[in-house]
Amino acid sequence: MNRILIAEDESRIASFVEKGLRANGFVTAVVGDGVAAYDLACGGGFDLLILDIGLPLSDGFTVLRRLRESRVTMPVIILTARDSVSDTVAGLEGGADDYIAKPFAFEELLARVRLRLRAERTPEVTVLRVSDLSLDLRTRRAYVGDRSVDLSAREFALAEIFCRHPDQVLTREQLLSHVWGFDFDPGSNVVDVYVRYLRRKIGAERIETVRGTGYRMRAA
(Lines give C-alpha, C1' and ligand atoms only; values in the text may rest on other atoms or scores of the structure.)
Protein backbone atom coordinates (compact mmCIF):
# COMPACT_ATOMS: atom_id res chain seq x y z
CA MET A 1 0.00 0.00 0.00
CA ASN A 2 1.53 3.30 -1.11
CA ARG A 3 2.08 6.12 1.38
CA ILE A 4 1.63 9.70 0.17
CA LEU A 5 2.74 12.88 1.91
CA ILE A 6 0.58 15.95 1.24
CA ALA A 7 2.30 19.29 1.89
CA GLU A 8 -0.47 21.88 1.66
CA ASP A 9 -1.23 24.81 3.98
CA GLU A 10 -4.82 25.41 2.81
CA SER A 11 -6.81 23.09 5.09
CA ARG A 12 -9.78 22.79 2.71
CA ILE A 13 -7.62 21.61 -0.17
CA ALA A 14 -5.50 19.35 2.06
CA SER A 15 -8.64 17.67 3.41
CA PHE A 16 -10.12 17.30 -0.08
CA VAL A 17 -6.96 15.62 -1.42
CA GLU A 18 -6.45 13.45 1.65
CA LYS A 19 -10.03 12.13 1.69
CA GLY A 20 -9.92 11.35 -2.02
CA LEU A 21 -6.62 9.48 -1.80
CA ARG A 22 -7.71 7.48 1.24
CA ALA A 23 -10.93 6.53 -0.54
CA ASN A 24 -8.75 5.09 -3.30
CA GLY A 25 -6.65 2.96 -0.96
CA PHE A 26 -3.66 5.18 -0.21
CA VAL A 27 -2.16 5.88 3.22
CA THR A 28 -1.70 9.63 3.70
CA ALA A 29 -0.16 12.21 5.99
CA VAL A 30 -0.60 15.98 5.81
CA VAL A 31 1.81 18.77 6.78
CA GLY A 32 1.24 22.51 6.49
CA ASP A 33 4.70 24.02 6.16
CA GLY A 34 7.88 23.50 4.17
CA VAL A 35 10.14 22.60 7.08
CA ALA A 36 7.89 19.75 8.19
CA ALA A 37 7.47 18.66 4.57
CA TYR A 38 11.22 18.35 4.09
CA ASP A 39 11.78 16.51 7.38
CA LEU A 40 9.02 13.96 6.77
CA ALA A 41 9.90 13.46 3.11
CA CYS A 42 13.48 12.66 4.11
CA GLY A 43 12.68 10.19 6.84
CA GLY A 44 9.02 9.23 6.75
CA GLY A 45 9.10 6.33 4.30
CA PHE A 46 6.71 7.90 1.80
CA ASP A 47 6.33 6.80 -1.81
CA LEU A 48 5.23 10.14 -3.26
CA LEU A 49 5.01 13.80 -2.26
CA ILE A 50 2.26 16.21 -3.31
CA LEU A 51 3.92 19.57 -2.75
CA ASP A 52 2.31 23.01 -2.70
CA ILE A 53 4.59 25.84 -3.84
CA GLY A 54 3.21 28.51 -1.50
CA LEU A 55 4.10 26.86 1.82
CA PRO A 56 5.05 28.94 4.88
CA LEU A 57 8.51 28.75 6.53
CA SER A 58 10.06 27.23 3.39
CA ASP A 59 8.40 27.40 -0.02
CA GLY A 60 7.88 24.41 -2.26
CA PHE A 61 10.71 25.25 -4.65
CA THR A 62 13.15 25.33 -1.71
CA VAL A 63 11.80 22.07 -0.31
CA LEU A 64 12.14 20.41 -3.71
CA ARG A 65 15.69 21.68 -4.23
CA ARG A 66 16.77 20.46 -0.77
CA LEU A 67 15.20 17.06 -1.33
CA ARG A 68 17.02 16.53 -4.61
CA GLU A 69 20.28 17.77 -3.10
CA SER A 70 19.77 15.20 -0.33
CA ARG A 71 19.35 12.46 -2.96
CA VAL A 72 15.68 11.90 -2.13
CA THR A 73 14.37 10.41 -5.35
CA MET A 74 10.69 9.76 -4.60
CA PRO A 75 8.25 11.26 -7.13
CA VAL A 76 7.08 14.81 -6.44
CA ILE A 77 3.93 16.35 -7.87
CA ILE A 78 3.78 20.12 -7.48
CA LEU A 79 0.34 21.43 -6.60
CA THR A 80 -0.07 25.18 -6.87
CA ALA A 81 -2.21 28.11 -7.90
CA ARG A 82 0.65 29.34 -10.06
CA ASP A 83 0.22 28.19 -13.66
CA SER A 84 2.58 30.41 -15.61
CA VAL A 85 5.07 28.84 -18.00
CA SER A 86 8.02 30.12 -15.96
CA ASP A 87 6.73 28.51 -12.75
CA THR A 88 6.02 25.26 -14.56
CA VAL A 89 9.52 25.18 -16.02
CA ALA A 90 11.07 26.10 -12.67
CA GLY A 91 9.25 23.28 -10.93
CA LEU A 92 10.11 20.63 -13.50
CA GLU A 93 13.73 21.74 -13.85
CA GLY A 94 14.00 21.77 -10.07
CA GLY A 95 13.29 18.05 -9.98
CA ALA A 96 9.50 17.75 -9.88
CA ASP A 97 7.99 14.80 -11.73
CA ASP A 98 4.70 16.50 -12.51
CA TYR A 99 2.87 19.80 -12.08
CA ILE A 100 -0.84 20.46 -11.60
CA ALA A 101 -2.47 23.87 -11.23
CA LYS A 102 -5.38 24.79 -8.98
CA PRO A 103 -8.30 24.51 -9.41
CA PHE A 104 -8.27 20.86 -10.43
CA ALA A 105 -10.53 17.84 -10.60
CA PHE A 106 -9.55 15.06 -8.21
CA GLU A 107 -9.64 12.47 -10.99
CA GLU A 108 -6.86 14.35 -12.79
CA LEU A 109 -4.69 14.41 -9.67
CA LEU A 110 -5.41 10.74 -9.02
CA ALA A 111 -4.40 9.81 -12.56
CA ARG A 112 -1.10 11.66 -12.16
CA VAL A 113 -0.43 10.00 -8.79
CA ARG A 114 -1.04 6.56 -10.26
CA LEU A 115 1.16 7.34 -13.24
CA ARG A 116 4.11 8.35 -11.04
CA LEU A 117 3.74 5.30 -8.81
CA ARG A 118 3.19 2.83 -11.62
CA ALA A 119 6.85 1.90 -12.04
CA GLU A 120 7.12 1.01 -8.36
CA ARG A 121 3.89 -0.94 -8.07
CA THR A 122 2.55 -4.18 -9.38
CA PRO A 123 1.00 -3.72 -12.81
CA GLU A 124 -2.15 -1.64 -12.54
CA VAL A 125 -5.49 -2.76 -13.89
CA THR A 126 -6.02 -1.00 -17.21
CA VAL A 127 -9.51 -2.30 -17.98
CA LEU A 128 -12.40 -2.01 -15.53
CA ARG A 129 -15.33 -4.40 -15.94
CA VAL A 130 -18.74 -4.42 -14.32
CA SER A 131 -21.03 -7.01 -15.86
CA ASP A 132 -20.76 -6.44 -19.65
CA LEU A 133 -19.62 -2.81 -19.28
CA SER A 134 -15.88 -2.31 -19.70
CA LEU A 135 -13.70 0.80 -19.57
CA ASP A 136 -10.25 0.84 -21.15
CA LEU A 137 -8.30 3.32 -19.01
CA ARG A 138 -5.44 3.62 -21.49
CA THR A 139 -7.49 4.45 -24.57
CA ARG A 140 -10.36 6.06 -22.61
CA ARG A 141 -12.87 3.96 -24.53
CA ALA A 142 -16.03 2.37 -23.18
CA TYR A 143 -17.80 -0.80 -24.34
CA VAL A 144 -21.12 -2.41 -23.62
CA GLY A 145 -20.56 -5.98 -24.69
CA ASP A 146 -18.88 -5.66 -28.09
CA ARG A 147 -20.45 -2.26 -28.77
CA SER A 148 -18.26 0.83 -28.47
CA VAL A 149 -19.88 3.69 -26.54
CA ASP A 150 -18.81 7.27 -27.12
CA LEU A 151 -18.38 9.01 -23.73
CA SER A 152 -17.24 12.56 -23.06
CA ALA A 153 -14.34 13.09 -20.66
CA ARG A 154 -16.73 13.88 -17.78
CA GLU A 155 -18.97 10.91 -18.59
CA PHE A 156 -15.95 8.60 -18.70
CA ALA A 157 -14.65 9.91 -15.34
CA LEU A 158 -18.10 9.38 -13.82
CA ALA A 159 -18.32 5.87 -15.25
CA GLU A 160 -14.83 5.12 -13.94
CA ILE A 161 -15.61 6.00 -10.33
CA PHE A 162 -18.79 3.91 -10.50
CA CYS A 163 -16.85 0.96 -11.94
CA ARG A 164 -14.17 1.24 -9.28
CA HIS A 165 -16.86 1.01 -6.58
CA PRO A 166 -19.53 -1.42 -7.85
CA ASP A 167 -22.53 -1.92 -5.57
CA GLN A 168 -21.30 0.93 -3.36
CA VAL A 169 -23.49 3.97 -2.74
CA LEU A 170 -21.67 7.13 -3.82
CA THR A 171 -23.00 10.47 -2.60
CA ARG A 172 -23.43 13.44 -4.91
CA GLU A 173 -20.68 15.20 -2.95
CA GLN A 174 -18.26 12.32 -3.56
CA LEU A 175 -19.03 12.32 -7.26
CA LEU A 176 -18.67 16.11 -7.47
CA SER A 177 -15.27 16.13 -5.78
CA HIS A 178 -13.88 13.24 -7.83
CA VAL A 179 -15.09 14.35 -11.25
CA TRP A 180 -15.52 18.12 -11.11
CA GLY A 181 -13.07 19.28 -8.44
CA PHE A 182 -13.03 20.82 -4.99
CA ASP A 183 -14.21 24.30 -6.01
CA PHE A 184 -17.38 23.20 -7.83
CA ASP A 185 -20.69 24.50 -6.47
CA PRO A 186 -22.04 21.83 -4.08
CA GLY A 187 -25.59 23.00 -4.82
CA SER A 188 -25.28 22.25 -8.52
CA ASN A 189 -27.37 19.49 -10.14
CA VAL A 190 -24.56 18.66 -12.58
CA VAL A 191 -24.17 15.15 -11.10
CA ASP A 192 -27.82 14.31 -11.78
CA VAL A 193 -27.54 15.69 -15.31
CA TYR A 194 -24.49 13.60 -16.14
CA VAL A 195 -25.92 10.47 -14.56
CA ARG A 196 -28.86 10.87 -16.98
CA TYR A 197 -26.41 11.25 -19.88
CA LEU A 198 -24.53 8.13 -18.77
CA ARG A 199 -27.69 6.07 -18.33
CA ARG A 200 -28.77 6.85 -21.88
CA LYS A 201 -25.47 5.55 -23.23
CA ILE A 202 -24.74 2.49 -21.07
CA GLY A 203 -28.24 1.50 -19.92
CA ALA A 204 -30.48 3.09 -17.31
CA GLU A 205 -30.75 -0.13 -15.28
CA ARG A 206 -27.04 -0.10 -14.40
CA ILE A 207 -27.13 2.97 -12.16
CA GLU A 208 -29.61 3.00 -9.29
CA THR A 209 -30.81 6.13 -7.53
CA VAL A 210 -30.51 5.83 -3.76
CA ARG A 211 -33.10 8.30 -2.53
CA GLY A 212 -31.69 11.09 -0.39
CA THR A 213 -28.11 9.84 -0.76
CA GLY A 214 -26.75 9.41 -4.26
CA TYR A 215 -26.22 6.64 -6.80
CA ARG A 216 -24.98 3.06 -7.03
CA MET A 217 -23.80 0.98 -9.98
CA ARG A 218 -25.19 -2.53 -9.92
CA ALA A 219 -22.53 -5.21 -10.25
CA ALA A 220 -24.91 -7.67 -11.88
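Me: At what angle do helix α7 and helix α8 pack?

Reply: Helices (H or I, at least four residues) and strands (E, at least two) are DSSP runs numbered from the N terminus. Axes are lines fitted to C-alpha atoms, for helices over the stretch in contact, and angles run from 0 to 180 degrees between N-to-C directions. Here α7 (residues 172–179) and α8 (residues 190–202) pack at about 80°, their axes lying 10 Å apart. The two are therefore roughly perpendicular, a class spanning 65 to 115 degrees, beside roughly parallel (under 35), roughly antiparallel (over 145) and oblique (the rest). This is a predicted model: local features need pLDDT of at least 70, side-chain atom pairs count only at pLDDT 80 or more, and totals for chains, interfaces and linings use all residues. Residues are numbered from 1 along each chain as its sequence is written, and side-chain values use heavy atoms, without hydrogens and water.

Me: Which residues of α7 and α8 meet?

Reply: Contact means heavy atoms within 4.5 Å. Arg172, Leu175 and Leu176 of α7 meet Val190, Val191 and Asp192 of α8.

Me: In what order do the four strands form the open sheet?

Reply: Strands of a sheet pair through backbone hydrogen bonds, either parallel or antiparallel. Two strands count as paired if DSSP finds at least two bridges between them. In this model the order is β6-β7-β8-β9, with antiparallel pairing. Because β6 (127–130) and β9 (147–149) are edge strands with a single partner each, one side of each has no neighbour in the sheet. Four bridges join β6 to β7 (residues 133–136), and Leu128 stands opposite Leu135 in β7.
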